[in-house]
Every structure is written in structure tokens, then in C-alpha cells.
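Here is a short briefing for a first look. Please view the sequence and the model before reading on.

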Amino acid sequence: MARLTKKQARAEVSRLREEISRHDHLYYAESNPEIPDADYDKLMRRLIELEQVYDLVVPDSPSQRVAGEVTEQFNPFSHVIPMMSIDNAVDEQETREFDQRTKRFLKTEEEIEYVLQPKFDGVSASLTYVKGVLLHGATRGDGKTGEDVTANIKTIRSIPLVLSKQGPKPNLVEIRGEVVFPLSLFAKLNEERKKLNERLEEEGRIPLERNKKSKSTWVLFKNPRNAASGSLRQLDSSVTARRPLLFYAWGVGGCEGVDFKDELEIYKALCEWGFKVEETRNCWGIDNAIKWARKLEKKRDSFDYEIDGAVVKVRSRRLQEILGTTAKYPRWSMAIKFSPKQITTKVMDITVQVGRTGHLTPVAELEPVKISGIEIKRASLHTEDTVREKDVRIGDTVVIQRAGDVIPEVVEVVPSQERGEEAFSMPKNCPRCETPIEREGSFHLCPNISCPAQIRGRISLFASRNAFDIEGLGAKRVEQLISEGILRNMADIFTLTKEQLLGLEGFAEKSAENLLEEIEKSRDISFERFINSLSIKHVGARTAQILAREFKTPENLMAATDEDLVRVDGVGEELAQSVLRFFGDPERKGVVEALLRQVRLEKEPEPSGENEKIAGKTFVLTGTLSIPREEAKSEIERLGGKVVNSVSGKTDFLVSGTDPGTAKLQKARELGTDIITEEHLKSLIGL
Ligand SMILES: [Zn+2]
């Protein structure tokens, strides 16, 4: 390199940075590059060289996007203005209700002016610029506090490191937007990960699944959103830099020094600052908003990322301020959800799966198709009755749909002259253990609780995230340990030894130690999670919570009678019977007792800030309240009360707003339940 004076170097560095930022914007935000990649690389190399030789590195230089910072963990980051989630409207009626609520709140009959934006199915992030320079990038987290992922955010080229001077000049601004993974590149990423994993395994190294440091717990990403999230939360930013992430800005959080009048001004500023944005449309009145949401839904496939709805926002910032927020959502915004995506394919076979509670589910094995970049090979057919109703046969062409993370399902058979084979019927015996099948209503059941398929299902659930959360003990591992005869029930997990594991395929010294360490860590567990992990029929996370709060200890729960159980709000006769049957079975009770010797139950926390007028009381809400129902509900629950949907003998108060439900009122009168107004409720709460 020719010797330059420091002044010359500084001038060239500054020119290069501007040049590179301009090309970044053209390439990543406008998809309209001016120069070939090789020329761009040359500029970047020259910049890095000059910065190093002349000691001119600064954090907002484009060279820092590729610096490759490795961190141990992400620091918490507090948002200036909380990033709230948005309430969902699943249909047109709910969207209109939102509009009516908004008008009522603003005490106006006139049409409201809204703006409409696509709702990205990605990872929300907030970027803080101080005096125009990107200082922090953070995930949404719980809305108040996210994770500081600045080094990773900087690797995303569509994010300007410095706000373009063409836009307004705030002292501080939080840019809100979504990090997405392009659909077109998603399959390729998974393919690469699969190959990498195979290579690691061949070389006897730890596969990605248990690579603690990078926190990659998935070998393959389930969907593009997971890929975006997994890439953004890499501890090594050079990994993030290799992922083709995009950032779309959709709003502004905290802002000092510039006063935006409305959402369209914000949209204009985002464009001027150099962000990638999607169209923000002005809609006069809710009818127009609904119309544009429908148009957007029709062309959702033309985007290279998933859009799962349209966001409606009140345009005026002044009105937004008046509307304010509930405990959970802004009152000035609502997301109109799109219907699930559908596609047609062929049924290659219909197989039968045995679940953890013994239920048999027919499953359509499909000719693989892709929806939103995800390959789909199977779809649930629920029950024999469903298969017959829809008349799905092997060889048929069917419409399938997928919504979010939900398992794909068969919607209908495409009518055709050529029908598939004969109609489906359930096998007479369990496909796994040969036990004769029993019928229970519309369900088919393998009654053998020692059925290997059921044990596998129960142990997999036991180790899963919502239960004991034992990383590295997925369905495949469980299957392997069962067929080796090492696991016979859930309690066996806690007596596994390294010697047992080392003899097995796929376990090396290190991986065996890792699994045992995970198991050790899982021993501390809340009573609620413990109940949820037992696979008691009809008991899900919500019921587990109710039972844990009511009975407080396993001893109490196991000793509970039918009467004790049905007295609990949210527990019906069917559920009570199921709990009694579960603990009445000596084998299952034995497993629970063995488990209790292995785990350490955490104490149930007492609800905080109890209010004696509310605590322990059960409320039903009816009619329209001046505050959203969710808010009233969470307030009552915070004070130790309960809110249920229907009036029964266990109800203490019926809170009646305007236009109350007549059935609820009548029932409350019949039962002599206290009927109170919203004002009365507020006085009880202490508002
Ligand atoms: Zn069976």
C-alpha cells in the first residue's frame, strides 16, 4: 500500500464508507445493485486495510458488519417504549368490533382514518439510533426488556448503520421492525445444516443438536421464523453474517427531537432514512381497511417471506395517545389474521399413529409438497369418522392446509372421476402391540398402558419443553432407549448411568455426559409442570395449573376424592374421573412415587398483592365493559380472584356491563349469584 498521510487516509476511509453504505442500500434495501460483487468486495477490503493500518476503526463503519464478535451471553436491553404485541382479529366481525370499540372510546360516530401494513411472521426487533448512529439492536423479549443483539443486527446489510441525512434528524429514535428469513433460501439452509450434521457425526464430533455454545437445539429449523430467530440469536455474529436475514421497518417506538403527527409521516421517514419497508396504505374507515387486507391476502404468495395477516393502526398519533394501551395490547392497533394456506397433493397411504394416551389417529402420508417453504409429508385425519366424512382414500388428491405451527390437516378431497381405493377403516388391533382396540365415543383406543407406542409418547412429552425440558432427549432418543430396554417408564430417566449410555449407538463420552447433566438440571421443577408432565388424560398445561394451585402438594392431589376434585372451578366430572383413574392405577401411582423420590418440587408461589374482597372469589363477566375484558380479567387474577366463562353454583359475582347476556343474567338470578355493575367491580378492585 502506498504511504498516505493520516489526513489522506481519513479522507479515503470516509469516502469508502459512504460508497459502501450506498451500495449496501442499493443491493439489500432496493435490490438494485450498481456494481458486481467482486468490485464491492474490493472496496470493502480496501476499507478494512486502511482502517487497520491507520487505526481508524469505528463502530458504525460498514467494515464492522463482518467483524465477527463472539459473546458468552446476551445482555438484557430495556426498550424506551415497550414493544407490545398486537391483539388478533380472526374474522371480519372481530375487526369491526375493534372499530366500534375505537369509536366508542374516542366518543365519535365518524369514520376513523387507519393505515394498513402487512404483518410479517418473523422476529420483532428494535434498533436504537442516537444522533443518527446505530447504537443498539435488541429483540422484543417480554416487551419491556429484550436481548442486546447489536453485533448480530449490524451484520444485516439492509439495516443502515447511519440514518440517511435525507430524513428527519431525531436525537434518539427506536426503529421497530421485523427480521425475516427469505422463503426462497429456507430449504437450502436446512439442507446445508443436515449435511453439516452428518459430517460432524461421521467425524465423531458433537452434532448441532447438542451444541450448547451456539444454542442451536434444532438440527433443522421448523419454519422460516425459527430460522430468523435462531440466526439472530447466535452467540457468534459471524454465523449471523452468513445467514441471508432481512429487516423490514414498520414503526417507531421512543423518539426524541422529532414529533411525528401520524403513521404515514413515520413511513415516509423510514424510507428516507434508508430502511427496507413494505407498503403502508391509508384507509378511510374500517370497510376500506378490510378491503385492502383481503387484497393483501390474495397476493401473499408473491412475497419472499411469510405474511400471516394485516396490521391496522389508527393513523393519527394524537388519537393513538388518547386510546392508550391495555395491560397487554395497544388499543389503537389490531392484526387481521389471514386464513391458513392451502395446497393440493396426493394421498400415498393412510397409516395409524398411537399417541401417549392410547388414542389412535389416522394419518395421511402425502406426496411431499411445500407450503411457505416448509415440506409437508403427513397430515392428520383426526378420527375414523373424519376420514369417512371426508371420504379420504389412498390415491385421492386432497386439499391440505397449515396454519402457523399447527400440524397440517386434510381439508377435503378434490372431486374426480378416478377415486382411490376402498374406504378406510381402523385396524382391529393396535398396530404396535396387537392389543384389541376399544372404542370411546368417536375415538379408538389401545387400552394397554404398557403399549410401547404409548410409553414412548409419554416419555417424550415428559422430557419436552413444557414439562421437564431435558435437552437431547427427543422422540428418537426415547425410542432408542426404550427399544434397548433401558427406559421402561419416566422414573427410569433419573437412574440412567453413563455406562448404560456409552454402549449405545450415537453416544460418545461427551454426549453421554451432556445428557446426564441435562437430566440432573431438570430435577428442580414446579408442581404445576410436574402434573403436566405425567400424561394424565384431559390434563393439559392449564388444568395442571389449576390442580397445582388448589392441591399444593402431590400427596393432597393423590388423596383427593371425587368430591374434592369437582368442587374445584375448571374441573368437570370427566376430568375428575380421569385423575382418579390415573392415581387409582397401582402401576402409574408407583411411577409417580418413584419420580417424587427423584425430583425436587419447588414451592407454589402465593399470588402477589392479594385483595381480600377479590381473592378466592370467582367472577363471570358479561356485556361490554369500559375496559377490555382481558384487562379486567388479568386485574382480577392479579388480586387472587378467578374469571370463568359461565355462571354456576361456584360463581360469586356476575359483573354486568352494557348489553349483558340474558342467559347469564337469568342463570345468576336463579342461583342467587351477586350481580354487580362495573363500577362496583372497580370499587372492589380499588380503582
Ligand atoms: Zn398398543
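Predicted model: local features only at pLDDT ≥ 70, side-chain atom pairs only at ≥ 80, totals over all residues.

Residues are numbered from 1 along each chain as its sequence is written, and side-chain values use heavy atoms, without hydrogens or water.

**Domains**
- The assignment gives domain 1 (6–66), domain 2 (343–445), domain 3 (452–522), domain 4 (526–602) and domain 5 (618–685). Such bounds come from an automatic or database domain assignment.

**Domain 4 and domain 5**
- Their centres, taken over C-alpha atoms, are 29 Å apart.
- Six residues of domain 4 contact four residues of domain 5 (heavy atoms within 4.5 Å).
- About 370 Å² is buried between domain 4 and domain 5, with 34% from carbon and sulfur atoms. Buried area is the accessible area (1.4 Å probe) that two parts lose on being put together, summed over both.

**Zinc site**
- Cys430 (SG), Cys433 (SG), Cys446 (SG) and Cys451 (SG) coordinate the zinc ion at 2.3 to 2.4 Å. Donors are N, O and S atoms within 2.8 Å of the metal (3.2 Å for Na, K and Ca).
- The arrangement is tetrahedral because the four donor atoms subtend angles of 100 to 117° (all must lie between 85 and 135 degrees).
- Along the chain, the donors follow the spacing C-x2-C-x12-C-x4-C.

Methods
Tetrahedral: all angles 85-135°; square planar, octahedral: opposite > 155°, others 65-115°.
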